[in-house]
Amino acid sequence: MKTPQQIARRKELAIRSKLKKDLIEESGGLCMTCGTTGDFRGLSLSHITALSRGGKTERGNCEILCYPCHEKYEKHPERRA
Ligand SMILES: [Zn+2]
């Protein structure tokens with residue numbers, strides 16, 4: 001038996017994975033901040049408004065970042081333009 005939370009989590013991950021793939025294809029695999037190129041494994045999907053602040057996993061709230069940029073914003077959200 002799966003709990004509703006597990007089902008929601010699984011759904012969220014599936015949406016995230018699909019959106020990440022779409023955005024990478026559209027951007028040509030570029031980090032939207034520093035321009036580093038990468039593939040699905042080398043880039044991460046970043047939420048502009050964090051999930052913890054009510055942001056959603058949707059096109060307008062997500063961008064593709066390399067891991068160093070992602071980490072920088074995780075630590076310093078105020079630096080996000
Ligand atoms: Zn970057």
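The largest nonpolar core of the protein has six residues, namely Cys31, Leu43, Ile64, Leu65, Cys66 and Cys69, and the largest share of this core, three residues, comes from β2. A nonpolar core is here a set of buried Ala, Val, Leu, Ile, Met, Phe, Trp, Tyr and Cys residues joined through C-beta atoms within 7 Å. A residue is termed buried if 20 or more other C-beta atoms lie within 10 Å of its own, exposed if 12 or fewer do, and partly exposed in between, with C-beta atoms placed from the backbone. In soluble globular proteins, nonpolar side chains tend to be buried together.

The model is a predicted one, in which local features need pLDDT of at least 70 and side-chain atom pairs count only at pLDDT 80 or more, whereas totals for chains, interfaces and linings use all residues. Residues are numbered from 1 along each chain as its sequence is written.

The protein contains two helices and two strands, which follow the pattern α-β-β-α when read along the sequence; helices (H or I, at least four residues) and strands (E, at least two) are DSSP runs, numbered from the N terminus. The C-alpha atoms fill a box of roughly 45 × 25 × 20 Å, taken along the principal axes, and 11% of the 81 residues count as buried. Of the contacts between residues at least 6 apart in sequence, 48% join residues at least 24 apart, a contact being a pair of residues whose C-beta atoms, placed from the backbone, lie within 7 Å.

Helix α1 has 24 residues and reaches 34 Å from its first C-alpha to its last, close to the 34 Å expected at 1.5 Å a residue, where the expected span is 1.5 Å times one less than the number of residues. This helix is hardly covered, as the count of buried residues among its 24 residues is zero. After α1 comes Gly28, whose phi is positive, near 80 degrees.

Strand β2 (residues 62-66), by contrast, is mostly covered, with five of its five residues buried. Both of its faces are covered, with Cys62, Ile64 and Cys66 on one side and Glu63 and Leu65 on the other. Strands β1 and β2 run antiparallel and are joined by five bridges, pairing being assigned if DSSP finds at least two bridges between two strands. Within this arrangement, His47 stands opposite Cys62 in β2. Leu43, a member of the core, touches Ile24, Gly29, Cys31, Gly38, Ile64, Leu65 and Cys66, when residues up to four places away in sequence are not counted.

Thr36, in the loop between α1 (4-27) and β1 (43-47), is partly exposed because 16 other C-beta atoms lie within 10 Å. With residues up to four places away in sequence left out, Thr36 touches Cys31 and Cys66, both of which belong to the core. Arg59, found in the loop between β1 and β2, counts as exposed because it has 11 C-beta neighbours inside 10 Å; Arg59 and His47 are 12 residues apart in sequence and 9.5 Å apart in space, C-alpha to C-alpha. Arg79 is placed in the segment after α2 (67-75) and is exposed, with 10 other C-beta atoms within 10 Å. Apart from neighbours within four places in sequence, Arg79 is in contact with Lys72 and Tyr73, while Thr36 and Arg79 are 43 residues apart in sequence and 18 Å apart in space, C-alpha to C-alpha.

Methods
Contact = placed C-beta atoms within 7 Å.
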